Amino acid sequence: MLRAATDASQRPEQPLADELALLHAYADIMVQRFADRVDIRWEVDELAGSCRVPTLGLQPLLENCFRHVVEQRRGLTRVVIRAACQGGRLRVEVEDDGPLQALPSGRGVGLGNLERRLRSLYGARADLGLRIRPGGGLVARVELPCAH
């Protein structure tokens, strides 16, 4: 994973399929660490795989699930990673079923950096949003133009 991430970091963008391969590698490591405390489901539209995304841009979304939810609770955390392209727009979501009931007051380092990268690469055509999941938990969403 480290070699792949280092190689990928030389490019500002890469296809979503390549980004998801890195995300899978990170998830596999974390699932080994928290085997009985996390269940990850992937809902990825194959047509979205060629859309370009910021290199290593999605990893902070999943890392936050582990850092702020899985590590903090003893029970099972369910995480869903979704990606779909509709109408020339790519939407990627990382959702957890943690206990969060209110949005954080600010952006941490990972989300702040991602937000600045999105603004730099896509301007107002990209968005990073957070919303509370019904019943608790967080959905982090990145939406940007689907350029191939």
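Before looking at helix packing, I note that axes are lines fitted to C-alpha atoms, for helices over the stretch in contact, and that angles run from 0 to 180 degrees between N-to-C directions. I also note that helices (H or I, at least four residues) and strands (E, at least two) are DSSP runs, numbered from the N terminus.

This is a predicted model, in which local features need pLDDT of at least 70, side-chain atom pairs count only at pLDDT 80 or more, and totals for chains, interfaces and linings use all residues. Residues are numbered from 1 along each chain as its sequence is written, and side-chain values use heavy atoms, with hydrogens and water left out.

**Confidence.** I looked up pLDDT (the predictor's confidence in each residue, from 0 to 100), and the chain averages 91, with 93% of the residues at 70 or above. Confidence is lowest in helix α1 (residues 2–8), with a mean of 48, and highest in strand β5 (residues 89–96), with 98.

**Two helices.** I found that the axes of α2 (residues 16–33) and α3 (residues 59–68) come within 10 Å and cross at roughly 15°. This makes α2 roughly parallel to α3, because angles under 35 degrees count as roughly parallel. In contact (heavy atoms within 4.5 Å), Glu19, Leu23, Tyr26, Ala27 and Met30 of α2 meet Gln59, Leu62, Glu63 and Phe66 of α3.

**Disulfide.** I searched for disulfides (pairs of cysteine sulfur atoms within 2.5 Å) and found 1 in the structure. It joins cysteine 51 to cysteine 146, with 1.7 Å from S to S. Cysteine 51 lies in the loop between β2 (38–44) and β3 (52–54), and cysteine 146 in the segment after β7 (138–145), so the pair, 95 residues apart, links distant parts of the chain.

Methods
Angles under 35 degrees count as roughly parallel, over 145 as roughly antiparallel, 65 to 115 as roughly perpendicular and the rest as oblique.
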